[in-house]
Protein chains: 2
Amino acid sequence: MTPDAPLIDRSLFGPGPTNTYPEADAALVRPLLGHLDPVFIQLMDETCEMLRTLWGTTNARTLPLSATGSGGMEAAFVNTVHRGDVVVVAINGLFGQRMAELASRLGARVVPVESEWGRPLDPDDVLRAHPSPAIICAVHAETSTGVRNDVAALGAGKGDALLLTDHVTSIGGMPLAVDDWGIDVAYAGTQKCLSVAPGLAPFTINDRAFERRVERPTSWYFDLGLLGGYVGGDAGGKRTYHHTAPTAMVVSLHAALTRILSEGLDAVTARHEAAGAALQEGLQEMGLELFAAEGYRLPQLTTVRVPDGVDSAKVRAYLLQTFSIEIGAGIGEFADSVWRIGLMGHNAQPRSVALVLGALKQAIAATR
Amino acid sequence: MTPDAPLIDRSLFGPGPTNTYPEADAALVRPLLGHLDPVFIQLMDETCEMLRTLWGTTNARTLPLSATGSGGMEAAFVNTVHRGDVVVVAINGLFGQRMAELASRLGARVVPVESEWGRPLDPDDVLRAHPSPAIICAVHAETSTGVRNDVAALGAGKGDALLLTDHVTSIGGMPLAVDDWGIDVAYAGTQKCLSVAPGLAPFTINDRAFERRVERPTSWYFDLGLLGGYVGGDAGGKRTYHHTAPTAMVVSLHAALTRILSEGLDAVTARHEAAGAALQEGLQEMGLELFAAEGYRLPQLTTVRVPDGVDSAKVRAYLLQTFSIEIGAGIGEFADSVWRIGLMGHNAQPRSVALVLGALKQAIAATR
């Protein structure tokens with residue numbers, strides 16, 4: 001046990017979690033509220049309303065689920081996949097693979113549509129994969145590769161299918177328009193561009209998807225039919241006890257969303273865009289090669305190839321020990337050949353760009 | 001939005017959440033750590049080790065799940081219930097009912113063994129309910145009624161069955177001995193006697209139950225086969241990425257457990273015992289009648305009948321408005337006729353007893 005150990009202060013420039021907004025920290029330790037307290041219920045309502053703004057939706061059923069982003073993925077699938085459903089999954093990274101795994105566990109007939117890691121999905125390929133799928137799934141911002149996928153094109157061509165999308169790394173960091181893009185079910189996480197500690201999954205589902213839902217899913221914890229009353233969306237606003245809301249985390253999310261909307265969603269998106277562009281330019285000026293395809297690079301999460309003759313793990317260890325900076329390794333076959341550098345939320349600012357570029361240059365030189 | 005609203009400071013004397021330990025608050029806002037940071041991994045390991053002490057187990061697979069206590073319940077069932085299994089569930093309150101619901105959703109043949117709310121389960125009835133159940137389930141401390149159930153007697157007589165038990169309200173507040181009592185699978189929550197914010201589910205499962213588990217459960221998020229690597233229990237201590245751990249919450253739990261073990265587990269249990277006894281004596285001296293059966297009353301959560309002619313809701317509103325004190329209503333048919341008063345964790349101290357007794361007396365008089 002290390003009760004008196006010095007507190008380690010990291011610059012979290014990996015794929016998440018990122019450093020939190022000071023407002024989110026302050027709210028995390030306001031005196032704890034009960035989950036049925038009228039003050040908390042108001043904060044929860046306001047949180048759901050602010051989430052609607054970030055999602056770009058009017059969906060009544062919009063709330064922070066009491067789990068991490070991966071729990072949000074589980075909630076999306078367990079409520080919508082009926083045994084035997086045809087589920088088309090666009091896969092160009094780890095999180096697309098995971099979607100296919102979840103659908104398969106629930107008895108779906110999964111139709112995977114693969115494209116190369118580092119390249120975006122081809123919407124036409126995905127839409128042509130099956131004549132009448134029940135659900136089409138895609139990841140908006142692939143955390144494993146730093147690639148943006150065009151989910152709006154899927155919404156435009158989905159026909160009668162539901163469109164189910166992952167926004168763990170996109171929400172709050174890039175343009176997002178659930179209603180305009182034809183998205184029916186979507187989930188996210190708090191620990192990336194929202195700059196809140198990990199532990200909640202912002203979630204939204206429209207009436208169309210809710211009406212087709214699994215009536216009594218194998219999951220009780222994520223059963224949206226029960227969760228409606230939890231946030232007052234159903235039953236005429238009457239609250240019904242489902243589970244104890246993680247009140248401290250919700251209040252922290254409330255504070256971060258307030259901060260984001262006070263800065264302005266467009267300004268926040270522009271801040272991510274500027275930081276990402278400056279980082280990507282700086283990396284290329286250092287002679288490094290970006291991994292994600294041009295035109296589809298995420299500003300909030302940059303992937304870059306580890307130069308020949310450089311040991312990825314040594315560089316990451318040097319960054320951690322010398323500068324207390326965390327960056328991410330690649331995933332799967334790119335574990336040793338790609339770095340993932342996130343500038344998300346509170347870290348999407350010029351100071352972070354200067355710091356990570358300077359530190360990385362020194363780390364590469366020192367470990368060669 | 002209420003960014004500048006005054007912070008409300010409650011005395012949380014309901015059935016949970018309770019007020020947090022100051023140590024847990026301080027840790028909640030230490031600079032955020034990444035979930036793969038070596039410093040965090042050490043804190044996670046220590047957290048699991050301290051949880052073993054609180055559970056009274058040597059189970060390797062002991063960890064805080066990334067969900068609230070209800071998520072812990074889901075993990076317990078989804079990993080152990082095979083379709084068609086006979087599952088005996090002792091029911092004498094809401095959480096026993098919920099266990100039956102979860103088992104049923106997973107295709108179990110549920111054998112409910114009901115006893116009156118406010119009375120303990122009869123271990124002989126439960127053990128005689130079926131000649132060869134796959135699983136026997138019970139709630140150690142029924143949050144809905146304030147009753148202690150004798151789960152050790154079930155462990156002694158379970159035969160080949162697995163014993164699966166709920167400790168959301170018992171862990172850290174009363175004696176608990178998973179290994180000695182023959183418990184195979186158990187879950188809890190952080191927001192009661194551990195005095196941490198809600199959001200994590202301490203969990204433990206022994207080898208016997210793990211070997212009989214569902215190999216590919218419908219839940220990916222709670223799949224213990226995957227979670228082993230997440231905390232290093234399997235795969236020779238090698239970490240595998242599963243989901244992003246809620247690092248702030250885990251570090252807060254670490255601080256609370258350190259505090260509890262530094263005070264001494266026996267001393268903490270005795271503190272709960274003394275506070276509960278003083279509260280129950282004080283309530284009876286006021287002429288109120290306790291609800292839970294004598295000999296089976298939880299010290300950490302007292303249930304008391306609302307006196308004739310007293311309006312339960314008015315009293316609770318008066319307590320909230322006048323004293324910023326939260327107590328709980330009853331559940332189900334006892335919603336208006338029972339109060340639930342918790343003195344858990346940081347609130348299990350003489351100051352809380354004096355406060356709640358004095359405030360309740362005044363609230364009853366003022367609202368009559």
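I looked up which elements line the second largest pocket of this predicted model. In chain A, helix H4 (94–105), helix H11 (312–323), strand E12 (325–326) and strand E13 (328–329) each supply at least two residues, as does helix H2 (38–55) of chain B. Helices (H or I, at least four residues) and strands (E, at least two) are DSSP runs, numbered from the N terminus. H11(A) gives the largest share, four residues.

I noted the numbering: residues from 1 along each chain as written, chains from A and ligands from 1 in the order written. Local features need pLDDT of at least 70, side-chain atom pairs count only at pLDDT 80 or more, totals for chains, interfaces and linings use all residues, and side-chain values use heavy atoms, without hydrogens and water.

I then read the volume: about 860 Å³. A pocket is an open set of points on a 1 Å grid over the protein atoms alone, where a 1.4 Å probe fits, with protein on both sides within 12 Å along at least five of seven lines; lining residues have an atom within 4 Å of a point. Volume is the space filled by probe spheres set on the points, which are joined across faces, edges and corners.

Of its 33 lining residues, A:Arg316, A:Ala329, A:Gly330, A:Arg340 and B:Leu36 lie nearest the centre. I counted 16 nonpolar (Ala, Val, Leu, Ile, Met, Phe, Trp, Tyr, Cys, Pro), eight charged (Asp, Glu, Lys, Arg) and nine polar (the others, Gly among them).

Next I took the largest pocket, at about 1,000 Å³. Among its 42 lining residues, A:His35, A:Leu36, A:Tyr241, B:Ala329 and B:Arg340 are closest to the centre. H11(B) supplies the largest share, four residues.
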